[in-house]
Amino acid sequence: MPTTKRTKSRTRDGSSPETVREQVRRLINPVDAVVLTRERLQEVLDDAVARGRMTRDDATQLLAELVSRGRRQTDDLLRELEALVTAPAGRVLREVDRARRVTGIATAAGVGGITAYDDMTAAQVIERLEDLPPTDLRAVRDHERRNANRKTVLAAVDRKLR
């Protein structure tokens, strides 16, 4: 029986295409993550109080702590998932913008060589300033002053222009 050597394809940055899938699985491992509603927790604790296993005050404190921890963990999970999903998109947009600048093609709905500028947060804009030539930096600065006027973006542009 012939043996075949399996090779995984790699992306340009050297990471495996399954990296995102593996990272999502790591974040939402069925063994580590469970979903319990506040109502279900309340039912279980009410039952424990009714059977004399704990006091009402203890049950109330426990429920509040469980819900608080659950909310913090949910927020952390959502932040990690958002970073996981948006990071590759940011790299793709940077490459598209770089290719447009090299070929001289104007950006669609963009400012200063940055595609989808008006949909970006200040942090995303600042991250994209790295590759811009001075002419595009000035266009970003002018647009920013006329529109959102975000001080962090303006300060970052000024630092790059010095």
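The legends below describe close-up views of a predicted model.

**View 1. The buried and exposed faces of helix α6.** In helix α6, which spans residues 151-161, the residues Val-153, Leu-154, Ala-156 and Val-157 are buried. When α6 is seen down its axis, these buried residues fall within an arc of 160 degrees, and they therefore line one face of the helix. The face turned away from that buried side carries Lys-151 and Arg-159, both of them exposed. Among the elements that cover the buried residues of α6 are α4 (122-128) and α5 (134-146).

View 2. If its neighbours within four places in sequence are left aside, Glu-144 is in contact with Tyr-117, Asn-149, Arg-150, Val-153 and Leu-154.

**View 3. The salt bridge between Arg-141 and Asp-142.** The side chains of Arg-141 and Asp-142 meet in a salt bridge with an N to O distance of 3.8 Å. Arg-141 counts as buried at 17% relative accessibility, whereas Asp-142 is partly exposed, its relative accessible area being 33%.

**View 4. The salt bridge between Arg-40 and Glu-43 in helix α2.** Side chains of opposite charge can pair when their charged atoms come close. Arg-40 forms a salt bridge with Glu-43, and the closest N and O atoms of the pair are 3.0 Å apart. Because Arg-40 and Glu-43 are three residues apart in helix α2 (residues 38-50), about one helical turn separates them. Arg-40 is partly exposed, with a relative accessible area of 44%, and Glu-43 is likewise partly exposed, with a value of 47%.

View 5. Within helix α3, Glu-65 and Arg-69 lie four residues apart, which is about one turn of the helix, and their side chains meet in a salt bridge at 2.6 Å, N to O. Glu-65 is partly exposed, with a relative accessible area of 35%, and Arg-69 also counts as partly exposed, at 48% relative accessibility. Val-67 lies in this helix too, which covers residues 56-103, but at 11% relative accessibility Val-67 counts as buried. Val-67 and Leu-36 are 31 residues apart in sequence, while their C-alpha atoms are 9.6 Å apart in space. For the model, the count of salt bridges comes to eight, including the pair formed by Glu-65 and Arg-69.

Conventions. Residues numbered from 1 in each chain as written. Predicted model: local features only at pLDDT ≥ 70, side-chain atom pairs only at ≥ 80, totals over all residues. Heavy atoms only, no water. Buried < 20%, exposed > 50% of the residue type's maximum accessible area, 1.4 Å probe, protein only. Helix = DSSP H or I, 4+ residues; strand = E, 2+ residues; numbered from the N terminus. Arc of directions from axis to C-beta. Contact = heavy atoms within 4.5 Å. Salt bridge = Lys/Arg side-chain N within 4 Å of Asp/Glu carboxyl O.
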